[in-house]
Amino acid sequence: MVEIRGIEFQSNTDNDMGLEFYNLSHRFGFQNPNWPYFQDTKIERIHYMAKSGVLSQRITTTMHATTHIDAPAHVVQGTPFIDEVPLPHFFGTGLVVSIPKKKWEPITGEDLEKACGHAIRKGDVLIINTGWHHDYEDGDYFAYCPGLVSSAAEWMVEKGVKVVGHDTQANDHPLATAIGPQRNGPLLPHLEQEYKEWSGGRDWKDDFPEWEPVHNILFKNGILGIENVGGDLDAVTGKRCTFAFFPWNWDRGDGCIIRLVAMIDKSQNFRIDDGAEF
């Protein structure tokens, strides 16, 4: 048991179900880190104890803040919205793999094969730990994250991955988004010269010629992506877990903030009920 503000609850790792629960989400709320062109999350108390005897709050936010899942319609026009994706795609078993990466390094299909090619199963949820969840702030994280590239997306399609999550800012490398030279970018123009120096003289437009290619490959093949994974990610890295991450039933939603949870059943005594009548 754990006591929280004077009330006892069963704990994440010691409870009557015999399961271990691990939060893999960053916090959402006041001044949560944000993408360079998002407005700050705004939370207002509409009712509070002195006024109304209850607490009610109004939230103004994008759904692509903190740990969230993208609907295919977020990037690929004419594909499903978040409420149209069937529920099995928000639950399942899979792997948490360690692929340490530094500033701007690509996450490739070769990286994935080396890290988990021997263990991945068709229909798995794949969560990638690059180490960058430790740098999740408004500073270097969004601009300098490593990122998935097309070969990684093609590997996931070939292996039949159901959902991919990662502790980086987008399903693509940051310079294949509007942070770099793509579409409405560059949001951070100073990165052009910095990339040229970092890369030994290459132009970022040559190295990142396509708009969000990983988003496009994944979404067109029905693979959803979870961005900004964090929390207790290190505690379950290298393990096979069960995951749950249900979004709101939001009509025509482009994505949704989620509570990504990894579950481990060491005793193997827990079961999902069979639906018998009572």
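Predicted model: local features only at pLDDT ≥ 70, side-chain atom pairs only at ≥ 80, totals over all residues.
Residues are numbered from 1 along each chain as its sequence is written, and side-chain values use heavy atoms, with hydrogens and water left out. Helices (H or I, at least four residues) and strands (E, at least two) are DSSP runs, numbered from the N terminus.

**Helix 5**

- Helix 5 covers residues 191-199, and its buried residues are Leu191, Tyr195 and Ser199. Buried means under 20% relative accessible area, exposed over 50%, and partly exposed in between (1.4 Å probe, protein chains only).
- These buried residues fall within an arc of 60° when seen down the axis of helix 5, so they line one face of the helix. The arc is that of the directions from the helix axis to the C-beta atoms.
- The cover over the buried residues of helix 5 includes helix 3 (140-144) and helix 6 (204-207).

**Nonpolar cores**

- A nonpolar core is a set of buried Ala, Val, Leu, Ile, Met, Phe, Trp, Tyr and Cys residues joined through side-chain atoms within 4.5 Å.
- The largest such core has 23 residues, and Leu24, Phe243, Phe245 and Leu260 have the most contacts inside it.
- At least two residues of this core come from each of strand 9 (125-129), strand 12 (224-227), helix 8 (233-236), strand 13 (240-244) and strand 15 (261-264).
- A second, separate core has 22 residues, including Val75, Trp155, Val164 and Leu218.
- Leaving aside residues up to four places away in sequence, Leu24 touches residues that include Thr67, Leu233, Phe243 and Leu260. Contact means heavy atoms within 4.5 Å.

**Aromatic pairs and charges over rings**

- Rings of Phe, Tyr and Trp (its six-membered ring) pair if their centres lie within 6.5 Å; planes under 30 degrees apart count as stacked, over 60 as edge-to-face and the rest as tilted. The count comes to 13 aromatic pairs by this rule.
- Phe90 and Phe245 form an edge-to-face pair, because their ring centres are 6.3 Å apart and their planes stand at 85°.
- This pair links distant parts of the chain, 155 residues apart: Phe90 is in the loop between strand 6 (68-70) and strand 7 (91-98), and Phe245 is in the loop between strand 13 and strand 14 (255-257).
- Phe90 is buried at a relative accessible area of 1%, and Phe245 is buried at 0%.
- Tyr195 and Phe208 are also edge-to-face, at 5.8 Å centre to centre and 65° between the planes.
- Tyr195 is buried, with a relative accessible area of 3%, and Phe208 counts as buried at 13%.
- One aromatic cluster is formed by Trp104, Tyr144, Tyr195, Trp198 and Phe208.
- The charged end of Lys103 sits over the ring of Trp104, 4.7 Å from its centre. A charge sits over a ring if NZ of Lys or CZ of Arg is within 6 Å of the ring centre and within 35 degrees of the ring normal.

**Glu20**

- Glu20 lies in strand 3 (residues 20-23) and is buried, with a relative accessible area of 13%.
- Its side chain makes polar contacts with the side chains of Tyr22 (2.6 Å) and Lys266 (3.3 Å). A polar contact is a pair of N or O atoms within 3.5 Å; within protein, one must be able to donate a hydrogen and the other to accept it, and residues adjacent in sequence count only if both atoms are side-chain atoms.
- Glu20 and Lys266 are 246 residues apart along the chain, and their C-alpha atoms are separated by 8.1 Å.
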